[in-house]
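Thanks for coming, everyone. Please look at the sequence and the model on the screen, and I will walk you through a few places in it.

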Amino acid sequence: MSIIVNPINADFAAEISGLNIGQAADDATRNEVVAALDRYAVVVIRGEPVSEQAQIDFALNFGPLDTINGVLTTDIKRRVRAELTDISNMDEDSEILDLSDRRRLFNLGNQLWHTDSSFKRIAAMYSMLHAHSVAPERGETQVCDLRAAYDALDDEMKTRIEDMISVHSIFTSRAVLGFEAFSEEERRALPPIRRPVVRVHPGSGRKSLFLASHAGDILGRPTAEARLLIRELMEHAAQPEFVYTHKWRVGDLLVWDNRCTMHRARPFDEARYQRDMRRATVMEAQAGEVHSAA
Ligand code: OGA
Ligand code: MN
């Protein structure tokens, strides 16, 4: 298979053609996709919807998958296989979730800028989101280039944040929306994780910011000051010149590198339309967790 990489911007977002995710990829193809992700951080592969097994097999070319998917564990029946994360507004019988359903309220957190699984000990490297059904209007996904955002910071800010360590927790991002309805068991399963605010993106060697809504504290700073700084950095990063907006078609696979991006879902008419996406998540090779106190 010989793939073609069409850049959408000079160094951010590309569309890959000539690649069928339903067929086994050889090593050369896999390496070309990795090279595209290293440079562009987010890639679009258009095609037809494939089975869950085919989506899983394709993702496994890139590394081990996160199989502990789903933060809500109390009384949840899964709609998709354990190797996939259900990114939809549907219940296990494929009915649209009630607007007050606990799963739907939790999922609303995806509309905040975030990094996948940075609140877990081993965070997500590649998220591979595949569309089975889409909303005919709105419901886009936006991905933000945190390397370009870092480059555009002034030197004073770069120096200020160089050695900062932030604390990531899923309960921080959900609390932003007033969602606190977690069981003790759910809370215990996901303790806070420390991560550097600035990191070198291994794929490109470029420095990148690494934070979004799961980050709530910075070690050694008062919480209020930390939250203001996190907010300021996120506002800076979310400027239009750093953002790619993906308009979905059925069959698309959108892949982003969580090590140097943040992303969010955009709203759509959830009572009216089914939006059925399933995500395979390739984990980072190392935990990337900071243990030292600062
Ligand atoms: C995700 C996610 C955004 C969307 O799959 O991790 O945040 O648009 N999705 O559904
Ligand atoms: Mn996400």
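Where is alanine 13 found? It sits in the loop between β1 (4-7) and β2 (14-17). Strands here are DSSP runs of E with at least two residues, helices are runs of H or I with at least four, and both are numbered from the N terminus.

A word on the ground rules. This is a predicted model, where local features need pLDDT of at least 70, side-chain atom pairs count only at pLDDT 80 or more, and totals for chains, interfaces and linings use all residues. Residues are numbered from 1 along each chain as its sequence is written, chains are lettered from A and ligands numbered from 1 in the order in which they are written, and side-chain values use heavy atoms, with hydrogens and water left out.

Back to alanine 13. Its phi is near 75°, a positive value in a residue other than glycine. Most residues other than glycine have a negative phi. Alanine 13 is buried, at 0% relative accessible area. Buried means under 20%, exposed means over 50%, and partly exposed is in between, with a 1.4 Å probe and protein chains only.

Serine 94 also has a positive phi, near 65°. It lies in the loop between β4 (84-88) and α3. Serine 94 is partly exposed, at 33%.

Now the metal. Which residues are the protein donors of the manganese ion, ligand 2? They are His114 (NE2), Asp116 (OD) and His263 (NE2), at 2.1 to 2.2 Å from the ion. Donors are N, O and S atoms within 2.8 Å of the metal (3.2 Å for Na, K and Ca); water is not among the atoms, so sites may look incomplete. Histidine 114 is in the loop between α3 (102-107) and β5 (124-133), histidine 263 is in strand β14 (residues 261-265), and the pair is 149 residues apart. Histidine 114 is buried, at 4%. Histidine 263 is buried too, at 4%.

Next, ligand 1. A polar side-chain atom of histidine 114 lies 3.0 Å from a ligand 1 oxygen. For histidine 263, a side-chain N or O atom is 3.0 Å from an oxygen of ligand 1. For arginine 275, the distance to a ligand 1 oxygen is 2.8 Å.

Last, the sheet. Three strands form an open sheet in the order β12-β6-β14, with antiparallel pairing. Two strands pair if DSSP finds at least two bridges between them. β12 (243-246) and β14 are at the edges with a single partner strand each, so one side of each has no neighbour in the sheet.

Definitions and conventions. A polar contact is a pair of N or O atoms within 3.5 Å; within protein, one must be able to donate a hydrogen and the other to accept it, and residues adjacent in sequence count only if both atoms are side-chain atoms.
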